[in-house]
Amino acid sequence: MTAIGDRAPDFTLPDTDGVEHSPADDGITAVIFTCNHCPYALAWHDRLMEAARDYANVRFLAINPNDSERYPSDSLEAMQERVAQEDWTMPYLRDESQDVARAYGAQTTPDVFVIDADGRLRYRGAPDADHNDPSLNAAWLREALDALLAGEEPGRPETPPKGCSVKWKNA
Amino acid sequence: MSVVPPVELLWWEGCPSHPDALADLERILAEEGVSAPVRMVHIESDEEAASERFPGSPTIRIGGEDIVPPGEGEPFTLTCRIYRLRDGRISPTPDPEDVRAAVRRAREDT
């Protein structure tokens, strides 16, 4: 479990094309645990894609950690289909071992983590206050990114993540 | 106050949506002048999901009828249900107007 201010766990995970990705060495990274089957993740999806489009100088990484044996709609093949059919603005990574989700302490999909250029966790939580209100536009995530880009500490470093529980193997 | 057949809300703890669904349901029952306690049914295993024909959390049934019938072949399992609001957006809970329409149908049929 990573706390605000802690060094964020490093990782390398493959995307839907098998290309490996890691957090930025010298820049800001937004790590978003998400999935295909959860209505909360789907409801927030467009706002997160839009944020990635708007913050081109931030590395955005979406990670699906769910057990795909019990939830086949979260399989790599289903992820590949989704990326092929939709306009994704960030790579969609598969955390097959669930080690990365465990290291970050991800609880839900979505669960958002923002890492600063020194590799420290600076925001963790929901994209904004209401999955049902697109006008909120991932405001909490954007606040954190704006603060870090301005060389400041996010004023709201932690919010409660809201969504479907991460589907752990053997749970 | 009108009376309708039994109202049930089936839920699973892996989804945080059932309190919102219950609040919408109770508000709409009150607004429609319907007296019907909501029976909360906690689904805890895939076996229970199968035996209760539970397509995901939350599921609202009035008189045993799902207010938003699941699609053909939809599995009965421990998952979060994906609803479509009337404006097309995805939601973890049914559109309140779909709930209201189901309550009115049940009231008229009773």
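Two residues are taken to be in contact if their C-beta atoms, placed from the backbone, lie within 7 Å. Axes are lines fitted to C-alpha atoms, for helices over the stretch in contact, with angles from 0 to 180 degrees between N-to-C directions; helices (H or I, at least four residues) and strands (E, at least two) are DSSP runs numbered from the N terminus. The model is predicted, so local features need pLDDT of at least 70 and side-chain atom pairs count only at pLDDT 80 or more, while totals for chains, interfaces and linings use all residues. Residues are numbered from 1 along each chain as its sequence is written, and chains are lettered from A and ligands numbered from 1 in the order in which they are written.

In chain B, helix α1 (residues 18-31) lies across β2 (7-11), β4 and β5, and runs at about 170° to β2(B). An open sheet of 4 strands in chain B has the order β4-β2-β5-β6, with mixed pairing (two strands pair if DSSP finds at least two bridges between them). Its edge strands, β4 (38-42) and β6 (65-66) of chain B, each pair on one side only. Strand β5 (residues 59-62) of chain B is antiparallel to β6(B) and joined to it by 2 bridges; here B:Ile62 stands opposite B:Glu65.

Turning to the interface, 10 residues of chain A are in contact with 12 residues of chain B. On the chain A side, α1 and β9 (164-165) are the elements that give two or more residues, and α1(A) provides the largest share, 4 residues.
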